[in-house]
Amino acid sequence: MNRREFFLSSLAATSLMMLPPWARAGEKSLMSTFGMDATLQDLAPLQRISGFGGSTEIEGDLFDEAHEVFWAKDYYIQKKGGIPAVSAQFDVVIIGGGISGLSAAYYLTGKKILIIDGHTRFGGNAKSQLFGRNNYVSQGAAYITMPEAGDEIDTFLASLKIKNLFRKVEHEAEAVNMNGRFINGFWDGATDPARADEFRFAHKKFMDVYENNYPELPIWDPSAAGRNRFNSLDGIPFTKWIEAELGTVHPHIMEYISMYCWSSFGAAPEEISAAQGLNFLSCDLAGTLVLPGGNGIIADAVFQNLAKRNNVTFLNHAFAVDVRSEGGKAVVCFKNGMNQLQTVSAKHCIVTAPKMVSKKIVNGMDPMQEKAMNNMHYRAYLVGNIFLKKKIPSIGYDIFTMNGQSPTNEYKDSMSRVFADIVFSDWAVKDMTDKSVLTLYMPLPYDMAQQYLFNPDLYNKYLERVKNRISPILPGMGLTWNDVAGMRLVRYGHALPVAHINGVRNGMFETAHQSIDNCIHFSNQDNWGNPCFETSFGSTLGVLRRIM
């Protein structure tokens with residue numbers, strides 16, 4: 001059993017196997033239906049950069065344009081002269097070019113498709129950069145869990161011809177950084193050998209959940225027994241399960257779990273349901289798969305495949321403004337890259353934007369669906385890539401940073417800790433690089449953190465914080481801050497849906513993502529409040545089951 005298995009009878013195995021093979025598109029231009037000339041490779045999730053080093057330009061969310069549309073939608077439309085008449089028709093319009101949107105287009109062969117995305121590059125939270133020949137860095141999502149041989153994810157990756165690029169992370173001898181020291185064998189009690197049995201007992205408990213009582217998402221099993229088992233865990237905080245099953249928890253274990261939840265969910269373990277926490281942690285401890293550059297390489301492989309087809313139109317810098325059902329079709333008005341409103345219609349529209357955006361643009365929701373979307377919360381995230389002037393060996397892949405005490409205040413502690421974990425970017429290519437890059441994952445695990453990302457001095461503020469926090473850690477790698485060539489910073493304002501306690505049990509997530517008139521559909525990791533590649537992909541397969 002893996003984290004998520006997908007058994008969708010309407011997507012036959014033969015259709016998965018007959019998908020076109022992945023091939024890299026050449027440098028070419030696309031004259032779209034709308035007369036816009038765009039170089040496809042400039043839109044790709046993987047950005048190639050000839051130089052090596054930092055930049056003061058903050059990448060990621062383009063919040064200015066989005067807020068102009070979403071905070072005063074009616075005024076914005078009026079200012080633009082109203083919603084124009086339909087100018088083009090498609091089989092499917094996909095709003096959002098992340099994993100959910102790109103994978104939907106990948107399976108919709110033979111359909112006339114329009115994909116619009118508000119950012120410069122496609123990929124959503126899964127983007128990557130390549131510096132020179134071998135320095136791949138992740139700008140967002142970093143890994144996937146081990147798929148079952150022959151399941152939908154395994155087949156998907158095989159069809160993209162990237163399976164051989166993955167490297168497996170074994171977590172049995174996991175390393176952590178404790179007060180500046182890198183220590184191997186965390187789950188064998190290496191940080192407190194006198195109490196090693198407590199660490200082994202906790203690890204055994206998590207593995208028992210993985211093997212025998214795994215709370216799987218998305219939920220495909222409609223049986224009452226399966227649903228009730230999941231609901232029983234979804235109705236309690238993760239911390240309550242930990243206390244009940246592990247007893248008095250060693251402070252190092254609790255700190256590790258807190259840093260894991262910060263990094264994975266952008267939330268404290270007491271905020272998320274036990275089902276959601278166990279869904280992630282128990283499966284990740286069983287082993288994960290990583291690519292050079294993280295999940296952006298998956299997104300790029302899909303993008304390159306779509307780019308060589310003649311049935312897909314890509315539009316970047318395009319924000320959906322209004323989506324509604326009319327006469328059995330979806331009518332989509334959006335702002336294009338030339339700052340003009342345009343309207344198209346389609347048999348189906350797949351909205352892969354977060355629900356906090358969906359509720360602003362989609363009309364025709366019943367009050368319960370709108371209420372469910374309003375009850376969902378999101379957390380902000382920063383990713384920093386630290387460029388080193390020299391080569392260092394990777395100590396591991398993903399190293400959590402700890403000080404021996406669990407956080408007591410998410411706001412204050414996240415400001416002082418700055419980052420939850422360090423990824424050695426070279427590890428995935430077996431250290432075959434000339435210079436090294438460290439990727440820092442910096443969750444902001446509290447509500448309203450998004451407002452701080454507007455600060456025009458954000459880069460300098462975090463550069464100073466990163467410098468102060470990482471300087472005591474660098475000597476363990478044989479480095480000082482003088483060995484740092486620079487930093488790149490990526491901002492995600494609403495990257496992680498909060499995995500609410502009772503969010504699945506009370507039907508909130510399912511109510512929020514129900515289709516409208518069988519022509520407007522929703523696919524995002526927040527369909528289940530479960531922020532990962534597998535849920536994005538699985539949510540898309542669920543939509544395709546209804547429309548193919």
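Which side chain meets that of Glu170 in a salt bridge? Select Lys168: the two side chains meet at 3.5 Å, N to O. A salt bridge here is a side-chain nitrogen of Lys or Arg within 4 Å of a carboxyl oxygen of Asp or Glu. Glu170 counts as partly exposed at 45% relative accessibility, and Lys168 counts as partly exposed at 35% (buried is under 20% relative accessible area, exposed over 50%, partly exposed in between; 1.4 Å probe, protein chains only).

The model is predicted: local features need pLDDT of at least 70, side-chain atom pairs count only at pLDDT 80 or more, and totals for chains, interfaces and linings use all residues. Residues are numbered from 1 along each chain as its sequence is written, and side-chain values use heavy atoms, with hydrogens and water left out.

Strand 10 pairs with strand 13, residues 288-290, in the antiparallel sense over three bridges; pairing requires at least two DSSP bridges between two strands. Val169 stands opposite Thr288 in strand 13.

Now move to Glu59 and Arg488, a salt bridge with its closest N and O atoms 3.7 Å apart. Glu59 lies in strand 4 and Arg488 in strand 22, 429 residues apart. Both Glu59 and Arg488 are buried.

Finally, select Asp322 and Arg324, a salt bridge at 2.8 Å between the closest N and O atoms. Asp322 is buried, at 4% relative accessible area, whereas Arg324 is partly exposed at 29%.

Technical notes
Helix = DSSP H or I, 4+ residues; strand = E, 2+ residues; numbered from the N terminus.
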